[in-house]
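Take a first walk through this protein model. Start with the overall layout, then move to single helices and the contacts between them.

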Amino acid sequence: DDMKNLKYFGIDGMISCQLQRVWTPVNLSMYGMGRALWDRESDFADVSKEYFSGTFHAGGDIIESYLKKLSDLYYSDFYEKSDMIVAEIDKMLPFIKEKLAEATPGTPDEMSYKYLLRHGEYTRLVHISLSLYAKGDEEAARAARKECREYVVTLNPEIRDGLDIYQYALVTTLHGWPAGLWNLPEKKEEK
């Protein structure tokens with residue numbers, strides 16, 4: 001609605017403050033903003049359907065539903081709902097892998113499913129860590145956090161166009177892991 005109402009403020013356009021390399025797993029936000037600038041009568045639900053069917057074709061409705069479920073879980077106490085988030089991802093990963101395997105190499109279809117797969121994998125690791133932390137197992141949470149951090153760093157060459165690893169680490173430090181769990185020092189082994 002913000003994009004649709006710019007004319008009421010005497011504004012003819014906008015420059016998005018959205019970081020270009022933090023759009024993964026899907027770029028619906030940019031697509032929706034652009035669409036609303038050109039078509040003030042557009043309906044977000046219709047734009048979302050159009051985006052997901054155009055990006056994921058026959059899998060569009062399934063992917064849209066999956067990401068909406070994840071989003072809805074984030075609008076609650078996601079520390080406590082981390083197990084539910086992991087379960088949703090676990091249900092979806094086989095479908096995403098199947099679609100990725102069917103995609104022609106080097107095509108936008110392959111890229112779309114690859115970003116979605118990697119997002120599921122590292123988001124799953126984030127929420128395993130958060131779940132362990134919420135249950136009071138800080139040592140296991142630290143180990144899971146380390147696994148996630150190492151995994152995300154290895155992904156950088158593959159997904160850097162859609163996920164800025166530095167920004168991801170910054171956001172998860174500030175908002176994702178409580179009390180900076182991302183930055184907790186590794187326990188040193190006692191001699």
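Helices here are DSSP runs of H or I with at least four residues, strands are runs of E with at least two, and both are numbered from the N terminus. By that rule the chain has 7 helices and 0 strands. Along the sequence the pattern reads α-α-α-α-α-α-α.

A word on the source. The model is predicted, so local features need pLDDT of at least 70 and side-chain atom pairs need pLDDT 80 or more, while totals for chains, interfaces and linings use all residues. Residues are numbered from 1 along each chain as its sequence is written, and side-chain values use heavy atoms, with hydrogens and water left out.

Now the chain as a whole. A residue is called buried under 20% relative accessible area, exposed over 50%, and partly exposed in between (1.4 Å probe, protein chains only). Of the 191 residues, 42% are buried. Accessible areas come from the Shrake-Rupley method with a 1.4 Å probe, and for residues only the protein chains shown count as cover. The accessible surface of the chain is about 11,400 Å². Carbon and sulfur atoms account for 55% of that surface. Contact means heavy atoms within 4.5 Å. Take the contacts between residues at least 6 apart in sequence: 64% of them join residues at least 24 apart.

Next, look at helix α3. How far apart are its end C-alpha atoms? The expected span of a helix is 1.5 Å times one less than its number of residues. Helix α3 covers residues 60–74, which makes 15 residues, so it should span 21 Å. Its end C-alpha atoms are 21 Å apart, in agreement. The buried residues of α3 are G60, I63, E64, Y66, L67, L70 and L73. They pack against three helices: α2 (44–56), α4 (82–102) and α5 (108–134).

H57 is not a glycine, yet its phi is positive, at about 50 degrees. With 44% relative accessibility, H57 is partly exposed.

Move on to helix α4, where S82 lies. Is S82 buried or exposed? S82 is buried, because its relative accessible area is 0%. Setting aside neighbours within four places in sequence, S82 touches H127, L130 and S131. With H127 there is also a polar contact between side chains, at 2.9 Å. Such a contact is a pair of N or O atoms within 3.5 Å; within protein, one must be able to donate a hydrogen and the other to accept it, and residues adjacent in sequence count only if both atoms are side-chain atoms.

Charged pairs come next. A salt bridge is a side-chain nitrogen of Lys or Arg within 4 Å of a carboxyl oxygen of Asp or Glu. The structure holds 14 of them. One joins R35 and E50, with the closest N and O atoms 2.6 Å apart. R35 sits in helix α1 (residues 28–38) and E50 in helix α2, so this pair ties together parts that are 15 residues apart in sequence. R35 is partly exposed at 25% relative accessibility. E50 is partly exposed too, at 34%.

K49 and E64 form another salt bridge, at 3.0 Å from N to O. K49 lies in α2 and E64 in α3, so this pair also ties together parts 15 residues apart in sequence.

E88 and K91 meet at 3.2 Å, N to O. They are 3 residues apart in helix α4, which means about one helical turn separates them. E88 is buried at 15% relative accessibility, while K91 is exposed at 56%. Elsewhere, salt bridges that share partners link R35, D39 and E50 into one network.

Finish at the surface. Patches are made of residues with over 30% relative accessible area and no salt bridge; like charges are joined within 9 Å, and nonpolar side chains (Val, Leu, Ile, Met, Phe, Trp, Tyr) within 5 Å. Y8, F9 and I11 form a nonpolar patch, with about 380 Å² of accessible area together. Y8 lies in the segment before α1. Y8 is exposed, with a relative accessible area of 59%.
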